[in-house]
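Dear colleague,

Please find below the structure that I am handing over to you. My findings follow it.

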Amino acid sequence: MQEVKVVPNEFSFSAAISACEKCEQWQQALCLLASMHEAEVLPSVVAYSAAISACEKNWQWQQALGVLAGMQQAGLVPTVVTYNAAISACEKGRQWQQGLGLLMLMQNAKLESTIVTFTAAISSCEKARLWRCALSLLEAMLDQDLAPNVMA
């Protein structure tokens, strides 16, 4: 019988990183992202975003921002999903300045903020006791015709 060798590709790596995110295995997600380079597979925005999300779900804001920086150094453009995960990571890490900085970058890139974006940013301000900032973000959310949810 002939042996068949399966070579991992961008899709299989991204799926594995996403699975790590769901299982709260952020270190493994980052290892998989790094091993993509070793396997000469170029990581996509999806792979980077999944790795950032894995870090976010495990309160690893510094790691999430490191992955975002690596993604940008690779010449890839973050999406709304990417920014939302990074802003949420900053919110969980009580890094409100970093989160608001990402929100500004997102807006400068002409990406449309979502309820998830604003909720994470508002929550960051709330944790820092910056009620005026939170109120300003709520107004911006309403200006974009986004209806606040229970979390916002």
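To begin with burial, 43% of the 152 residues in the protein chain are buried, where buried means under 20% relative accessible area, exposed means over 50%, and partly exposed lies in between (1.4 Å probe, protein chains only). Please note that this is a predicted model, in which local features need pLDDT of at least 70 and side-chain atom pairs count only at pLDDT 80 or more, while totals for chains, interfaces and linings use all residues. Residues are numbered from 1 along each chain as its sequence is written, and side-chain values use heavy atoms, with hydrogens and water left out.

Overall architecture

The protein chain has eight helices and zero strands, so its elements read α-α-α-α-α-α-α-α from the N terminus on; helices (H or I, at least four residues) and strands (E, at least two) are DSSP runs, numbered from the N terminus. The C-alpha trace spans about 70 × 25 × 25 Å along its principal axes. Among contacts in the protein chain with a separation of 6 or more, 58% are between residues 24 or more positions apart, a contact being heavy atoms within 4.5 Å.

Surface and charge

The chain carries 9 positive and 13 negative charges, whose mean positions are 8 Å apart. Here Lys and Arg count as positive and Asp and Glu as negative, without His and the chain ends, and each charge is placed at NZ of Lys, CZ of Arg, CG of Asp or CD of Glu.

The second largest pocket

The volume of the second largest pocket is about 170 Å³. A pocket is an open set of points on a 1 Å grid over the protein atoms alone, where a 1.4 Å probe fits, with protein on both sides within 12 Å along at least five of seven lines; lining residues have an atom within 4 Å of a point. Grid points are joined across faces, edges and corners, and the volume is the space filled by probe spheres set on the points. Both α3 (45–57) and α5 (80–92) supply at least two lining residues each, and α3 gives the most, with six residues. The lining includes E21, S53, K57, N84 and V116.

Q98 belongs to helix α6 (residues 96–108) and counts as partly exposed because its relative accessibility is 38%. Apart from neighbours within four places in sequence, Q98 is in contact with W61, L65 and C90. The C-alpha atoms of Q98 and L111 are separated by 18 Å, the two residues being 13 apart along the chain.

S124 sits in helix α7 (residues 115–127) and counts as buried because its relative accessibility is 5%. With neighbours within four places in sequence again left aside, S124 is in contact with C90, E91 and W96.

Two residues with positive phi

R129 lies in the loop between α7 and α8 (131–143). Its phi is near 60 degrees, a positive value in a residue other than glycine, and R129 counts as exposed because its relative accessibility is 75%. D145 is found in the segment after α8, and phi of D145 is likewise near 60 degrees, again positive in a residue other than glycine. D145 is exposed, with a relative accessible area of 71%.

With kind regards
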